[in-house]
Structure formats: structure tokens, C-alpha cells
Amino acid sequence: MNATSTVALVLLAAALPARAAEVVRIAVTSGADRVVIEGAGLTFRALRDGAAAERVDAGRAEVALQGDALTVNGHPIDAAGATFAADAGVAAAGVALQGEVEVRLAAGGLAAIDVLPLEDYVAAVTGAEMPPGFPPEALRAQAVAARTFAVFKKLEALQEGRPWHLGATVLDQVYRGARVDPRARAAAQATAGEVLVFEHAPVEAYFHAACGGHTERGLEALGRDRPYLASVRCDACRGAPGFRWTVRVPAAELGRLAGLGGSATAVRVTARTGSGRAARVEVAAGRRKAALGAVDLRQRLGFSRLPSLAFDAALEGGAAVFRGRGRGHGAGLCQWGAAGLARAGEGWRAILARYYPGSEVRRMY
């Protein structure tokens, strides 16, 4: 984000009404050809001025496109979308959601958007992104991070004119709808309205599972050069499952992924970041060599397959062996580190101050 965008974001944060901040719009599907909406006592209202709510027979509506026209159960409606509500909640594409659901025309097809209170969303994300059995102070830190990230993305969406604020996957924050663990809800309630700010604007509060000893700078992990996404030491995540790991990739597969046209005969890390993570990797197949960015290599192999970039690499017995530690991109809050710190007696404010240095907690509403 450039300086002009940062100034605009600060102004938006100052201008955003408190009540408006309490609602968030989550795209649970996008680019679909059709969306099935269900719920007892289901009604819909076309997104146009003066449209009245209409009851849907049998509590099931199929929203689809016929040419450029939007249809509900085969009947065209003169609008770019419709809002659905039900007596005990709405389900879209088989997922029970917490608020009203808006289905509208979007790039590539239809988008189903859950419109719900921000605090309900924060509770759901906290339970989906962090084990609910973690200590309460760790869950509270996660809730503040999730709320802050949502507010940041909401302001960004308003700036860009997006009809939704966040998606429902790991590309934003994981949102699974109406299933909310009571411990996660308690964490959201205990921190309601609290956000992290830097120079009066909400921060990009990224988080990850386990840093492996040091968090990573935002620039190197995500291309986000933010002073509060600094590399900090963390000794509290060593109890994370799979803290140390070994991944073997067949030499033929690595050579193909590196674009060498033959089996790899050598692999080595040639450059590292300030936190010790791999920055560049060289793969050889005989005399042919390919230099890859470590982020690119991880993407080619699969983010879940290669858990982090904190690794060493060597060719052993016909396979490339990656030995590493930690899980995730490494920027921002280390979730297992937060749990370890909470067990050692640190509160959620201190945990957040450790992982987002220079930021401060402010109550937004």
C-alpha cells in the first residue's frame, strides 16, 4: 500500500461510524452458476428500492442466472441481487450461516454474502483459526487479531468498492458459519470492540500456527512491509505438533517442478532472510540449474506439504529432503507461541504487543 492509500485508510478509519463497524460482509461463495438457499420460513427481498419481502415455498430457493437475468426458483427478478432471511437462520450451499444472506451478481457468476454482526464473525473465526482448548488469554489475543484484520479488510473494501469485505477461506480468515465454540465466543465478548492500531489505523493483523523460533518480517513473508510485522524471537511455540518436520520429495518430481526436464541431482538453500528462513533455493539436474524463490518453491510443492520456509535442503537417496521447523508464513501472531505465553501467565495485551511491536490496542466501539 502506498502513502496515499495509507492516508486514505486513516481517514476512513476515523470516519467510519461505530455502528457501521459492527457489521461485516463475508463472501462464502463467489463465481457460482447457482446458489441454493434454505431455511424455515425463508423469505427474500430483491435488491431494489421499494421491494417487498416475499415468502419462498418449502423454504428452499435456487438462485441462478438466465443470460444476464437473476432468477429465484426460475422466476426472473428485476434486480442485481436478493437478500434472504429465515426464522432460525439461513443456509447457503449447505452451510448454516449466522446472518442474512445476500446473493448478487459478481465477477464470474454469483456471490453468496453472509451479512452478520462483526462480533459473531470474530467468535466464529477465533474458533476456526485457533484450537478452542487453548488458554483464554491466547483466544482473546486471537479474537483481537481476527477483529483487527476484518476491520482492515472492511476499510480496504470500502476504498475499492467491493460488495463484500472478506472471503471465508485461509486467503482471508477461515469462517465456517454458525458453528461457534462457546470458548471462542467468550474470547470475542471479553475483547468486544478492541482493535490493534498503528499510527491511528487498524493494522494488517496476520497470524500463523507456529513460527519455529522467530517470526518473519511481513515484507519477506507476504510482501507487506509493515513496521509492526517485524521479526521477533519466540521460544514459546516449541510444543506445537510437528514443530520439527521432515519432508521428502522424489528427485524426479522436484526436477519437474523446477522446470529442469529431468530428475534433480542436487538442491540447496542459497540465500536466507534475516530470521533464517530460506529465501532462495537452487535445484540442479546434471549441468542444468534453476534458482527459485523459496516462496515460489513452497507454492509449487503445496503450502500444506512444505509447512514453512524455515528449512535446510539436501538430496539423499533419490529424494530431496527438507528438514524444518514451524508452520505457516511466520508473520504476526504465532498461535502456538501465544498459547505458550498464556500458560506462562502473560495476558492477551502483552501477547499482542510482543508479536505486533509498536502497535497499541484501542477500543473502536
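Predicted model: local features only at pLDDT ≥ 70, side-chain atom pairs only at ≥ 80, totals over all residues.
**Entry 1**

I began with the strand order. Six strands, written 6 in my count of the sheet, follow the order β7-β6-β5-β2-β9-β10 and form an open sheet with antiparallel pairing. I then asked which strands stand at the edges. They are β7 (75–77) and β10 (95–96); each has a single partner strand, so one side of each is left without a neighbour in the sheet. For background I noted that strands of a sheet pair through backbone hydrogen bonds, either parallel or antiparallel.

Next I looked at one pairing within this sheet. Strand β2 (residues 34–38) and strand β9 (residues 91–92) run antiparallel and are joined by 2 bridges. For I37, I found that the bridge partner in β9 is A92.

**Entry 2: salt bridges in the whole structure**

I asked how many salt bridges a search of the whole structure finds. The search returns 26. I examined some of them individually.

**Entry 3: E119 and R147**

The closest N and O atoms of E119 and R147 are 2.8 Å apart, and the two residues form a salt bridge. I placed E119 in helix α3 (residues 118–129) and R147 in helix α4 (residues 136–160), so the pair ties together parts that are 28 residues apart in sequence. E119 has a relative accessible area of 18% and is buried. R147 is buried as well, with a value of 0%.

**Entry 4: E204 and R226**

I recorded a salt bridge between E204 and R226, with 2.7 Å between the closest N and O atoms. This pair links distant parts of the chain, 22 residues apart. E204 lies in the loop between β15 (201–202) and β16 (207–208), and R226 lies in the loop between α6 (218–222) and β17 (244–250). Both E204 and R226 are buried.

**Entry 5: D296 and R300**

D296 and R300 form a salt bridge through their side chains, at 2.9 Å from N to O. Both residues lie in helix α8 (residues 294–301), where they are 4 residues apart, about one turn of the helix. I noted D296 as partly exposed, at 27% relative accessibility. R300, at 37%, also counts as partly exposed.

**Entry 6: a network**

Finally, I asked which residues are linked in a network of salt bridges. I found K153, E156, E160, R162 and D172 linked in this way.

Technical notes. Residues numbered from 1 in each chain as written. Heavy atoms only, no water. Pairing = 2+ DSSP bridges. Salt bridge = Lys/Arg side-chain N within 4 Å of Asp/Glu carboxyl O. Buried < 20%, exposed > 50% of the residue type's maximum accessible area, 1.4 Å probe, protein only.
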